[in-house]
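My notes follow the structure.

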Amino acid sequence: MDQQKEIIKGCVEGKTEAQGMLFKKYSKMLFGVCIRYTKDRTAAEDILHEGFIKIFTNIASFKGKGSFEGWMRRIMVNTALEQYRKKFQMYPVGEIAELETKTSTNLIVSELSAKDLLGLVKGLPPAYKMVFNLYAIDGYSHKEIGAILNISIGTSKSNLSRARKILQNKVEQHFMMPEERKRC
Amino acid sequence: MLENQNKIDELFNDFLHDYEKDVPAFVWNNLKDELKAKRRMRVLFYIKAIAASVALFITFGLGYFVSDLGLNQNNKVKILEENKVFPSDKLTVSDNRFDIEKANSLANQAKINNKKKDLYKYTFELKKTNSKFQVASYDRIKIYDTNQLYRKYQFINKIFTVKSDENKKNKSLVTNNSRERKSNQLLTDTLLLEKENLHEGGFLLQNEEKKSSAWSFGTKFSPVVSVGNSASNEINETSGSDVKGSIRSDKPDMNFEEKALTSYTGGVNVNYHLSKRISIESGIFYAQKKQGADNLIGSQDNEFGGDNMTVYTPGGTQSIQQINNKSVLMSSLSMTYYALDANYVLNAEYVELPLIIRYKLIDQKVSLDVLSGVSTNFLVKNNTSIILNNQELWSGQNEDINSILYGATFGLGVNYNFYQNLTFNVEPTFKYSILPENSAFSQYPYSFAVFAGFSYRFK
């Protein structure tokens with residue numbers, strides 16, 4: 001913790017060494033966040049770059065309240081969303097009822113890897129991907145998502161529901177045991 | 001259904017919330033470059049702000065100077081003996097001394113009056129006087145101008161008013177004759193000034209300036225801060241390092257982060273005053289210029305390198321005995337590159353011969369000069385070193401430094417004449433190297449210094 005404080009202090013003072021240490025310590029984790037919100041690696045690298053510029057520029061505004069990692073994550077997520085807003089227009093999806101989903105989730109979890117699941121998330125349509133990432137992985141509420149993406153709470157819920165359905169189908173197709181698939 | 005949805009969320013959350021991915025090295029390099037550029041932009045912004053402030057200051061200074069010139073040169077009035085108008089019997093002159101006690105007494109009796117009309121009239125006429133005259137005591141001479149008198153109009157007006165209202169005998173000081181009134185006013189002002197400044201009383205003299213020699217000399221000293229070039233910070237390919245600037249898969253990025261180190265300059269100067277406002281300055285100065293680079297990179301040949309390590313510096317490569325404080329940066333079959341916690345410092349020392357023209361914008365007790373000129377710098381010492389944990393691993397000379405440099409200088413001089421011919425000077429100056437200083441460093445052609453020193457003008 002003291003080391004983190006030292007690094008933050010150095011970054012506030014604009015020291016390149018401290019900035020390098022901060023980048024070294026957190027870049028992998030934050031790159032993982034960026035990758036989830038983008039389709040390709042290049043876009044994720046751009047977001048990481050821009051996000052770190054924001055972190056270094058605004059680090060003095062971090063007053064030590066709450067988690068520093070959480071603060072940086074939020075910056076990365078916001079940067080990713082800014083990029084998303086520039087590229088895509090959120091299209092409204094009508095309020096839909098909760099979609100029926102297959103009941104089976106007996107997956108061969110041991111065969112799953114983060115890379116596989118990441119591939120599935122990245123394959124989602126952009127609007128669904130954003131909502132799913134924000135809600136399921138980064139813990140935002142529908143109200144917050146609505147405010148961030150400028151959509152209604154209902155749209156957020158429906159997008160999440162569709163995202164879940166798509167993901168569940170893909171997971172079942174790729175990773176369910178054959179007998180389980182038959183039973184479904 | 002809800003349970004399944006939660007399981008999907010949990011599944012992805014478990015795997016992806018803390019998902020980490022290796023970041024390519026170039027992301028940090030690009031980021032570092034951009035941060036550096038932003039820092040440079042910030043410094044440039046401050047420089048521009050200072051330059052704008054200086055420009056504003058000069059503009060106002062010029063305005064002041066021009067207005068001062070108009071008043072004092074075109075309408076200068078010498079107060080001669082025939083202009084003396086002696087006051088009424090209440091203000092007596094004896095043995096060339098004014099009766100200060102009586103003046104004090106009058107001042108003390110003064111009350112605020114509401115004769116605004118007279119006040120404005122007085123003010124107007126005093127402004128129009130535009131005269132400059134000398135007030136002398138027995139042992140020193142001071143020059144006052146109408147601006148100083150003007151500031152005292154209110155107080156003086158009280159004296160006139162009180163006298164006219166309360167004592168008709170003193171009406172002689174308030175007269176309709178403008179010339180007489182002007183003279184009375186000047187005399188009264190003189191009286192008040194003498195009361196404040198000369199104590200012993202005084203008398204009006206013919207305007208006569210004291211002459212000083214055209215020569216003055218001084219000494220000054222300043223820390224110097226170099227400022228980065230706003231242009232590209234690409235590494236100079238002509239430097240000694242054969243891999244510098246290369247971003248190849250088998251070699252690390254050799255972009256050194258140049259940094260300016262604070263250095264010092266100082267010396268003696270001689271000025272020749274061509275006129276009251278223009279002077280030429282020269283002298284001899286010792287000027288130091290320090291630059292450096294952190295986090296050097298070293299390499300070791302895995303097959304034939306032995307214990308020696310090749311250290312890459314902005315000034316070329318150096319072979320150094322085994323270094324312990326290192327971490328592996330990149331390794332291949334034949335070569336291993338190390339990140340070293342070592343610094344490179346280039347310390348160049350010059351003898352500087354400047355030729356500066358100074359122009360006095362404001363000529364008061366605290367005067368303001370603008371200065372501009374050129375300087376020639378002769379290299380006298382050149383020392384480069386590689387430092388690790390405050391220990392010098394290697395030192396030597398950089399062969400690529402130019403032995404003669406040329407620079408342009410711009411600045412301001414604030415001078416305070418604190419005692420007779422002695423002046424304290426503060427001079428913020430900005431220098432620009434006309435030619436590149438050396439091939440090792442390319443980024444710091446600008447430097448900023450604030451000289452402080454004293455000068456003495458011969459009598």
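**Second largest cavity**

I sorted the lining of the second largest cavity by class and found five nonpolar, three polar and six charged residues (Ala, Val, Leu, Ile, Met, Phe, Trp, Tyr, Cys and Pro count as nonpolar, Asp, Glu, Lys and Arg as charged, the others, Gly among them, as polar). I note that this is a predicted model, in which local features need pLDDT of at least 70, side-chain atom pairs count only at pLDDT 80 or more, and totals for chains, interfaces and linings use all residues. Residues are numbered from 1 along each chain as written, chains are lettered from A and ligands numbered from 1 in the order written, and side-chain values use heavy atoms, without hydrogens and water.

A cavity is a set of points on a 1 Å grid over the protein atoms alone where a 1.4 Å probe fits but cannot get out; lining residues have an atom within 4 Å of a point. Points are joined across faces, edges and corners, and volume is the space filled by probe spheres set on them. I counted eight cavities of 30 Å³ or more.

Strand 15 of chain B gives the most, four residues (strands are DSSP runs of E, at least two residues, and helices of H or I, at least four, numbered from the N terminus).

**Helix pair**

I found that the axes of helix 2 (residues 16-37) and helix 3 (residues 41-58) of chain A come within 10 Å and cross at roughly 135° (axes are lines fitted to C-alpha atoms over the stretch in contact, with angles from 0 to 180 degrees between N-to-C directions). Helix 2 of chain A and helix 3 of chain A are therefore oblique to each other (under 35 degrees is roughly parallel, over 145 roughly antiparallel, 65 to 115 roughly perpendicular, the rest oblique).

Terms used. On a 1 Å grid over the protein atoms alone, a cavity is a set of points where a 1.4 Å probe fits but cannot get out, and a pocket is an open set with protein on both sides within 12 Å along at least five of seven lines; lining residues have an atom within 4 Å of a point.
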